[in-house]
Amino acid sequence: MSESRPRPPRFGEQDRKLSYGSYLKVPELLALQQLLSDPPAHDELLFIVVHQAYELWFKQLLFELTSARDLMMKGDAHQAKHLLERAHSIERVMVAQVPVIESMSPQDFLEFRQHLAPASGFQSVQFREIEFISGIKDERYMERLVLTDAEDERLRARLDGPTLWEGFCALLESRGLHMPGDDEDARRESLLKIARDRRRFAEEFFLSEALLTHDELFALWRQHHVLMVERQIGSKTGTGGSTGAGYLRTTLDKRFFPELWNLRSYL
Ligand code: HEM
């Protein structure tokens with residue numbers, strides 16, 4: 001008798017309309033790691049997974065930074081700070097991920113490195129988008145990178161669109177703190193006013209600190225990346241054709257918000 005009774009659904013099987021795998025597209029995701037080495041070099045899977053994980057974090061980071069900028073444009077300091085803090089968490093993960101790729105020995109990397117040229121992290125479009133929205137806009141990338149039409153459109157929109165700093169200045173302006181685009185001294189006066197009266201300007205002050213933390217954590221990633229590169233390839237040239245670590249060292253002083261760093265000297 002009990003044999004004909006339909007089996008009640010087990011936990012996790014309810015009516016089977018949506019599942020973990022179908023919602024998150026897990027089969028599609030797991031099909032995206034395609035090795036070039038044949039026979040497969042053991043560490044190439046790690047190399048691909050780590051880079052893909054970074055691109056996913058870049059995607060989320062861009063989403064949060066764009067929203068934070070738009071919120072600042074609308075004068076919402078509280079929510080903008082909340083999203084910037086999420087961006088910090090992502091950036092800490094990005095820094096913490098470096099030892100995973102560092103667990104690869106240079107000898108094992110050499111098993112497949114020759115297949116990679118001329119591909120390089122230098123060509124990461126999302127990385128340039130993050131730089132652009134954060135304020136480091138270098139139009140030359142539009143020519144130097146080989147872009148699909150969709151990538152070209154995305155990067156151009158970042159080049160033409162407002163930066164986080166512009167969002168911050170708009171927010172301060174809306175609160176009577178002048179941040180004229182053509183007068184750095186006047187901007188410094190406003191920033192000093194905020195910094196010297198943190199209780200009165202608590203929202204503005206902690207928002208500026210959140211911007212600075214974004215800058216600092218990104219600079220930290222650059223430092224960890226170059227050390228990891230030196231550990232992997234020493235003074236060899238990069239697969240993208242640069243001098244390698246030598247080139248990367250020239251990027252270490254890049255800062256998104258120089259005026260927030262300079263402010264320290266005036267306090
Ligand atoms: C074995 C590991 C790695 C090595 C040896 C390496 C090496 C290099 C080198 C030599 C460059 C300079 C450009 C070139 O000539 O290729 C570069 C740039 C870059 N790499 Fe890596 N990289 C590694 C892992 C990663 C990972 C995991 C990421 C994460 C996405 C990454 C992202 C980038 C980015 C964004 C740039 C451009 C930096 C800039 O122009 O400021 N790299 N990498």
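**Salt bridges, patches and iron**

Tutor: Let's begin with Glu-209, which counts as partly exposed because its relative accessibility is 24%. The terms go like this: buried is under 20% relative accessible area, exposed is over 50%, and partly exposed is in between, using a 1.4 Å probe and protein chains only.

Student: Before we go on, what kind of model is this?

Tutor: It is a predicted model, where local features need pLDDT of at least 70 and side-chain atom pairs count only at pLDDT 80 or more, while totals for chains, interfaces and linings use all residues. Residues are numbered from 1 along each chain as its sequence is written, and side-chain values use heavy atoms, with hydrogens and water left out.

Student: Okay, which side chain does Glu-209 meet in a salt bridge?

Tutor: Arg-264, at 2.7 Å from N to O. Glu-209 sits in helix α12 and Arg-264 in helix α14 (residues 258-266), so this pair ties together parts that are 55 residues apart in sequence. A salt bridge here is a side-chain nitrogen of Lys or Arg within 4 Å of a carboxyl oxygen of Asp or Glu. Helices are DSSP runs of H or I with at least four residues, strands are runs of E with at least two, and numbering starts at the N terminus.

Student: And Arg-264, how accessible is that one?

Tutor: Arg-264 is partly exposed, because its relative accessible area is 37%.

Student: Is Glu-129 buried or exposed?

Tutor: Buried, because its relative accessibility is 3%. Glu-129 also meets Arg-158 in a salt bridge of 2.8 Å, N to O. With Arg-158 in helix α9 and Glu-129 in helix α7, the pair ties together parts that are 29 residues apart in sequence. Both of these residues are buried, whereas Arg-154 is partly exposed at 35%.

Student: Which residues are linked in a network of salt bridges?

Tutor: Arg-128, Glu-131, Arg-222 and Lys-254.

Student: New topic! Where does the largest share of the negative patch come from?

Tutor: Helix α9 (residues 149-160), with 4 residues. The surface patch gathers Glu-139, Glu-143, Asp-149, Asp-152, Glu-153 and Asp-160. Patches take residues with over 30% relative accessible area and no salt bridge, joining like charges within 9 Å and nonpolar side chains (Val, Leu, Ile, Met, Phe, Trp, Tyr) within 5 Å. Asp-149, which lies in α9, is exposed because its relative accessibility is 69%.

Student: Which residues form the nonpolar patch?

Tutor: Leu-18, Tyr-20, Tyr-23 and Leu-24, with about 530 Å² of accessible area together; such areas come from the Shrake-Rupley method with a 1.4 Å probe. Leu-18 is in the segment before α1 (20-24) and is exposed, at 60% relative accessibility.

Student: Last one: what is the protein donor of the iron atom of the ligand?

Tutor: His-225, through NE2 at 2.2 Å, is the only one. That residue lies in helix α12 (residues 202-233). Donors are N, O and S atoms within 2.8 Å of the metal (3.2 Å for Na, K and Ca), and water is not among the atoms, so sites may look incomplete.

Notes: Lys, Arg positive; Asp, Glu negative; His and termini not counted. Charge placed at Lys NZ, Arg CZ, Asp CG, Glu CD.
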